[in-house]
Amino acid sequence: MTPFITRAATVLGILTCSTFAAHAQDCAERGALDVQYCDANGDLVADTPTDPAQLSDPDTLVFAYTPVEDPAVYADIWEPFIEHLSEVTGKDVQFFAVQSNSAEVEAMRSGRLHVAGFSTGPTPFAVNLAGAVPFAIMGADDGQFGYRLQVFTQADSDIQEISDLAGKRVAHTSPTSNSGNQAPRALFPGLGVEPDKDYEVVYSGSHDQSMLGVVAGDYDAAPVASEVVDRMAERGLYDPADVRKIWESDPFPTTSFTMAHNLDPALAEKVKEAFFSFDFAGTALGDEFEGVSKFVPITYKDQWAVIRQIQASNGVEYTPQGLAGN
C-alpha cells in the first residue's frame with residue numbers, strides 16, 4: 001500500500017482551553033495526566049480504555065514526525081518505514097506534516113493522529129494532554145541512544161563560554177523544547193547566566209531556524225540539539241566552518257515514538273511489531289539518521305525521568321496554557 005502525504009491545516013498559534021475540553025473519568029490515580037485519562041498501574045501514561053466502545057481501530061493510520069523545516073523532505077525520508085508499517089498492520093498509512101508541537105499534540109488529543117514521533121521536550125505534554133504512550137526510540141545496534149544540547153556561535157565571535165552570553169541575543173527554539181529552551185533554563189544559571197535576565201531570549205521556532213540564524217548573524221548564539229545540526233551539516237544546509245561550538249551537555253533521550261492510548265490492543269501490538277522489525281539499512285531513514293540502526297524499546301517513566309526533572313525545575317505544568325504558543 002502506498003502512503004500519501006497531506007499538509008497540516010493552518011493551526012492557531014495559541015491553543016485555548018476549549019481545544020482540550022474533555023469529560024473527566026472516574027479513577028483513583030492519574031498523576032499529572034489530564035482528567036480524561038487514568039493511570040491505575042502507575043506507569044505515568046494513560047491506561048488503555050476498558051470499555052471496547054472507546055477503543056480505536058481506524059482503517060487508515062495517521063503518522064506524524066516532529067515539526068521540521070522542510071516537511072516534504074521528511075515525508076520522502078519516512079516513506080520506507082510508512083510502507084513497512086502499512087504492510088505489518090494491514091492498514092493504509094497517511095503521513096501528516098505537522099507545523100508545530102501544539103498542532104501535533106492537539107491532533108493526537110482529538111483522535112486525528114494515531115502514531116507519532118514527539119520531540120524530547122514536548123513528549124511530556126503529549127503524554128499528559130493527549131494520551132500519547134511512548135514505546136520506542138531510535139538507537140544503535142548496542143541499544144544506545146541519545147543526543148546532546150550544544151551551544152553554537154559564529155566562528156569569529158568573542159563568545160568563548162556560556163558566561164559570555166551575558167548581554168547577547170540568543171535564539172531558543174520554543175518554550176517546550178528540551179535542548180532548545182528547558183535544559184538551558186535549568187542548566188545555564190549554574191554556568192554563569194540566566195536566560196531572559198542576563199541575555200535576551202528570542203524564540204526562533206525550530207532548531208533549524210536557530211542554527212541558520214546564528215550563521216546569518218541574526219543571533220549571537222543558540223542552544224540546539226546535536227542530532228538536528230548534524231543532519232543539517234550532512235545535507236549542506238550550513239558550513240560547519242562558519243560556526244563554533246562553545247559547550248555541550250551530557251546525553252538526553254531523542255524523539256519518542258508513541259501511539260494513542262486508545263488504539264485497539266491487537267493493533268497496538270502490530271504497530272510495535274512494525275517498529276521493532278524495521279531494518280534501517282539501505283533506506284533513506286537510515287541515511288538521514290547516522291549511527292541509528294533500529295528502534296529501541298523504552299518507557300516514559302524511565303527514559304524521560306531526567307526531562308521531567310528539568311521541566312519541574314523550570315516550573316513547567318502540563319496544561320494547555322503551558323503548551324500554548326508552540
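Which helix does N181 lie in? N181 belongs to helix 4, residues 178-187. Helices here are DSSP runs of H or I with at least four residues, strands are runs of E with at least two, and both are numbered from the N terminus.

This is a predicted model: local features need pLDDT of at least 70, side-chain atom pairs count only at pLDDT 80 or more, and totals for chains, interfaces and linings use all residues. Residues are numbered from 1 along each chain as its sequence is written, and side-chain values use heavy atoms, with hydrogens and water left out.

Stay with N181 for a moment. Is N181 buried or exposed? N181 counts as buried because its relative accessibility is 2%. Buried means under 20% relative accessible area, exposed means over 50%, and partly exposed is in between, using a 1.4 Å probe and protein chains only. Leaving out residues up to four places away in sequence, N181 touches H172, S174, P175 and Y203. Contact means heavy atoms within 4.5 Å. With Y203 there is also a polar contact between the side chains, at 3.4 Å. A polar contact is a pair of N or O atoms within 3.5 Å; within protein, one must be able to donate a hydrogen and the other to accept it, and residues adjacent in sequence count only if both atoms are side-chain atoms. N181 and V45 are 136 residues apart in sequence, and their C-alpha atoms are 24 Å apart in space.

Now turn to the nonpolar cores. In soluble globular proteins, nonpolar side chains tend to be buried together. A nonpolar core is a set of buried Ala, Val, Leu, Ile, Met, Phe, Trp, Tyr and Cys residues joined through side-chain atoms within 4.5 Å. The largest one has 51 residues. Within this core, W78, V271, F275 and F295 touch the most other members. Helix 1, residues 71-89, gives the most to this core: eight residues. Look at F275. Apart from neighbours within four places in sequence, F275 is in contact with F63, F81, V115, F135, A136, F257 and F295. A second, separate core has 42 residues, including F152, A171, V243 and I298.

Helix 1 also holds H84 and S86. H84 counts as buried because its relative accessibility is 18%. Beyond its neighbours within four places in sequence, H84 is in contact with A274, S277 and F278. A polar atom of the H84 side chain lies 3.1 Å from the backbone oxygen of A274. S86 counts as buried because its relative accessibility is 2%. Its side chain reaches the backbone oxygen of K91 at 2.6 Å.

What about a residue in a loop? T48 lies between strand 1 (4-7) and strand 2 (60-64). T48 counts as partly exposed because its relative accessibility is 39%. Setting aside neighbours within four places in sequence, T48 is in contact with L55, H261, L263 and P265.

Next come the spaces. On a 1 Å grid over the protein atoms alone, a cavity is a set of points where a 1.4 Å probe fits but cannot get out, and a pocket is an open set with protein on both sides within 12 Å along at least five of seven lines; lining residues have an atom within 4 Å of a point. Grid points are joined across faces, edges and corners, and a volume is the space filled by probe spheres set on the points.

The largest pocket holds about 550 Å³ of space. Its lining has 37 residues, and T66, P67, S119, S206 and H207 lie nearest its centre. The lining divides into 13 nonpolar, 19 polar and five charged residues. Here Ala, Val, Leu, Ile, Met, Phe, Trp, Tyr, Cys and Pro count as nonpolar, Asp, Glu, Lys and Arg as charged, and the others, Gly among them, as polar. Helix 6 supplies the largest share of this lining, four residues. In helix 6, S226, V228, V229, R231 and M232 are buried. After helix 6 comes G236, whose phi is positive, near 75°.

How many cavities of 30 Å³ or more does a search of the whole structure find? The search finds one. The largest cavity holds about 50 Å³ of space. Among its lining residues are Y65, T66, P67 and F95. Strand 3 supplies the largest share of this lining, three residues.
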